[in-house]
Amino acid sequence: MNLATGAMDSLLPKLLELLKGEYKLKKDVKEGVKSLETEMQRMHTVLREVAEVPRDQLDEQFKLWAGEVRELSFNIEDVVDKFLLRVDDGSETAGNSNMLKRLTEKMVGLFTKGMVGLFTKVMARHEIAGAIKEINKQVQEVANRRARYTTDGIVAKSAAATSIDPRLRALYTEVTELIGIVGKRDQELMKLLSEGDNVSKKKLKIISVVGFGGLGKTTLVKTVYDKIKGDFKYKAFVPVGQNATVKKVSRDILLDIGMYPSQLTMLDERQLINKLRQILENKRYLIVIDDIWDENLWEYIKLAFSDSNVGSRLITTTRKVSMSKLCCPSTNDSIYQMEPLSFDDSKRLFYKRVFSDESGCPREFEKVSIDILKKCGGVPLAIITMASLLAIDQRVKPEDEWNVLLQSIGRGLTEVPSVEEMRRILSFSYYDLPSHSKTCLLYLSMFPEQHEIRRDRLIWMWICESFIQCEKANTSLFETGEKYFNELVNRNLIQPVYGDEGMVYACRVHVMVLDLISSLSSKENFVTILNGTGDGMSSKSNVRRLSIQNASKEEHHSKKRKRREEHHSKKGKRKEEHQTTPLKSVSMLQVRSIALFEPAIGLMLPFSRFVVLRVLDLTGCDLRDQNHLNIRELGGLFHLRYLGLGQTGISELPEELGKLKFLLVLDLSGDFIKELSTVIKLRRLMCLLVYFKYKRLPDGLGNLTSMEVLRTIRGNSISIVKELGNMERLRELGILFDDLSLEMEEAFVESLGKMSNIQSLYITVRDDDYVPMDVLGGSWVAPQRLREFLIARSAKFSTLPTWIKRGPSHLLQLSILRIFVRDVRQEDLEILARLPALRCLSLRMEDPEIQRQLVVGDDGFRCLTSFELFTEFLGHIVFQPGALPKAKQVRFSIGLRAAKEPAAGNGGDCFDLGLGNLRSLREVLVAAIRWGEDTEQVEDALEDALMHAIWAHPNCPSHQLITVPDMKRLMISLPAAIPNYGRMSERWSMAGDLLSDE
């Protein structure tokens, strides 16, 4: 399924499926289906050609015809699915399929009357070479009046296999350098933050950065924030956007400064502001509120920031001058006006993206590149977008394509850029996408502005929408979806969000891109966005996908007044609120997808109204007090493929959910579900996300043989562990053992041996004592596709696992490794260094034999971005010149007792760690383990050495030195020192404390 062809991509295989003998269709029904399939195939061909033509270049009558065909395909698929569901359920036999016969006759009649008539109206003005000829063979009525439509020979381009461009992160770094270092903007902003006499420097100072979207306000402020945040006790960087609430912004700030979600769940706006004010009182803080629009929101949020004369700083970014003035009422405050990039900086950014060299533009491209840059007007987003069009998959397009692009860009952008002209520029990137990627990009309009969209969640939704089709025999749908996602990242149409381990786990959509795709989605009736005003529904005849994002501001304030006035009658209040929903006046019979966001939960209709729903995402919406939303009704949505119930507060799964025979994805992450017996009835399930604190997982799990992602389950019985072996398609497994016996471990390793597709494995053992997993370390043969392997809590290996020692040729894709090994030697570290794809290493050691030193050389760890090594028995670690060339984060411990003797022999100076040799370093954490007595002198020497190394490093990395008595206390302290520590893969963050060592 895609934007251009409606439901054709998924419908055509279903029509062919109906022709198989197993359905035993009557002869006349089969002939009707075959005729229908043939007609739709031809229409499909035409629509795919049309998809390559920009919408504003198509004739209006042709747009109407294409829309009619798409709607027709949806209608046909709805009824075919109903038929297949009845056959599958046994409630109607295929041989007596009068319903299907009536459907076929109805649809063919509709097609003949509607489509032929439409062709008659438009054929005098257009031609469709080839495709219309095929249609006219079947439609004899128009044979004598046929004319050809043309789409200028444009055909769909197939997408090559794609991985995330390795230059991408350098590109974002380069944007920072251009805006900050070369343009001196970060120095200008830092000067504003620090200027004044001693008295004014101690006062709370507010800086508001103002400018239109795409100029790099966020990039600039984030650069300055990262440079100076180490000087403040509390720091937070919070994106806001147009539809933010006081509660959300306050909560996000509290989370950034270290509070846990469970501490904030029950607090209202007033309590959150009071909590924030109490924490920040008499503390030096740095808070960034990014992209603020609402002046009323600011009036409330600013109440949390008191001035204690300790030098706190508050930075806002906004597009509105009036907003920036409101943020800066004091003479001590400052407004920083953003300007476009200089032409020299624009060239550097453009050349870096196209040619991988900021100064290396071949002569044949010089003139056309200068002309293109003039049209970009110094806007970084426009420059990056144009560059991405001209260099795809590390290949620069020929000069003639540059000139075509130049001629296509609208005039006048060099003087005063406008939203429409920017949309025009961005549309060229959109129309350059393959057909499937266009659909996937437009689907992002389902999410609100500034929303962090989890990558895996998005890909599964694409799959359940039938946007993704298998391209290769041995490639899963999800892996194909990853390729689509990476393609959008590489073309800079979505902004990647990187996790602690340097991997992309989510994305955001820039507001100008969102503006473009929302406009296109609305025109094509692809997504309908509802915000409480009713405007999004007024002109919609058939709503197919519905994004319910927020109530209008007036309705929101009205509801607040009603809550105060009618707090004694909650039931009556809810009834009155729901009576005003604009959805009630629109038919929901054809809605296939709904994404509901928490502020708008009151606008949602009862689930039973959506009879053909395929995708329902309620993630983050608290359903506990919503009487009009009965989750038992979900069992009647027989067509559901995706059901997102994560963090909805439900505590049980209704038995009715077992009727969802087509369900592929069930997300229950963050919910305390008591009983999961319903799950084993969902035989087509491919992805199950559960919070591991359920009571019991019933036998029968092994019947879910389509499962690809399963997390996080409890291995609380040998039968459950053995059943895992039936899931041969499993790619990701998260499992927690409360009590790991030798028999349980052997059964687990045996099951793992049957999972040849496993890519990500997360194991936690919760035990008071450390539990060896030497069967896993010695007997298991890790598959070559293994990407992530993490062990947490009480599980450990006695020595480096055999499957790692086998050599790097067996683990070519392993990128994240977190293990606890009792005995690690220098040669083991060298084995790990040879893993070619390793990007994140977290190694804990427990060797009672003191090691004086470990050396990280220059002959390995070429891709590593995050390095951790924690043990209380290591006295010294040395990073040699050339070591860890890409490492941004380095965290390690020093056992002060182990370091005491050599320190004494060198006058206390034995800590030349070699941090200056780590050229990409941005963050350092050193844990001093005070094991034993009389280590104060060594501790002082370590601190002096660390500070000297930091001051001398050209990157001025942020740094922490923490002192703890032992390893246990260190593991407890790390989550407080490092936000989200222990959750090395953000895709697993909803597993609660699965990977936490607290």
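**Sheet and helix packing**

Modeller: Strand 2 is largely enclosed by the rest of the structure, because 6 of its 8 residues are buried (under 20% relative accessible area; exposed is over 50%, partly exposed in between, with a 1.4 Å probe and protein chains only). Helices (H or I, at least four residues) and strands (E, at least two) are DSSP runs, numbered from the N terminus.

Colleague: What kind of model is this, and how are residues numbered?
Modeller: This is a predicted model, in which local features need pLDDT of at least 70, side-chain atom pairs count only at pLDDT 80 or more, and totals for chains, interfaces and linings use all residues. Residues are numbered from 1 along each chain as its sequence is written, and side-chain values use heavy atoms, with hydrogens and water left out.

Colleague: In what order do the strands of the sheet run?
Modeller: The order is 2-3-4-1-5 in an open sheet of 5 strands, with parallel pairing; two strands pair if DSSP finds at least two bridges between them.

Colleague: Which strands stand at the edges?
Modeller: Strand 2 (234-241) and strand 5 (334-337) do; each has a single partner strand, so one side of each is left without a neighbour in the sheet. From one strand to the next, the twist averages 15°.

Colleague: Over how many bridges do strand 2 and strand 3 pair?
Modeller: Strand 2 pairs with strand 3 (residues 285-292) over 7 bridges, in the parallel sense. Within strand 3, Ile287 is the residue opposite Ala236, and Ile289 is the one opposite Val238.

Colleague: Which strands does helix 9 touch?
Modeller: Helix 9 (residues 217-228) packs on the sheet and touches strand 1, strand 2, strand 3, strand 4 and strand 5, where contact means heavy atoms within 4.5 Å. Its direction makes about 170° with that of strand 2; axes are lines fitted to C-alpha atoms, for helices over the stretch in contact, and angles run from 0 to 180 degrees between N-to-C directions.

Colleague: And what does helix 7 lie across?
Modeller: Helix 7 (residues 185-194) lies across strand 1 (205-210), strand 4 (313-318) and strand 5, and runs at about 150° to strand 1.

Colleague: How does Lys227 count in terms of accessibility?
Modeller: Lys227, which lies in helix 9, counts as partly exposed because its relative accessibility is 44%. Its C-alpha atom is 9.5 Å from that of Met190, a residue 37 positions away along the chain.

Colleague: Changing topic: at what angle do helix 14 and helix 16 cross?
Modeller: The axes of helix 14 (residues 343-355) and helix 16 (residues 380-390) cross at roughly 30° and come within 9 Å. That makes helix 14 roughly parallel to helix 16 (under 35 degrees; over 145 is roughly antiparallel, 65 to 115 roughly perpendicular and the rest oblique). Among the residues in contact are Leu349 and Phe350 of helix 14 and Ile383 and Ala387 of helix 16.

Colleague: How far apart are the axes of helix 14 and helix 15?
Modeller: They are 11 Å apart, and helix 14 packs with helix 15 (residues 363-376) at an angle of about 120°. That makes helix 14 oblique to helix 15. The contact includes Phe343 and Tyr351 of helix 14 and Phe365 and Leu373 of helix 15.

Colleague: Finally, which residues of helix 29 are buried?
Modeller: In helix 29 (residues 826-833), they are Asp828, Leu829, Ile831, Leu832 and Ala833. These buried residues pack against elements including helix 28 (802-805) and strand 24 (816-823).
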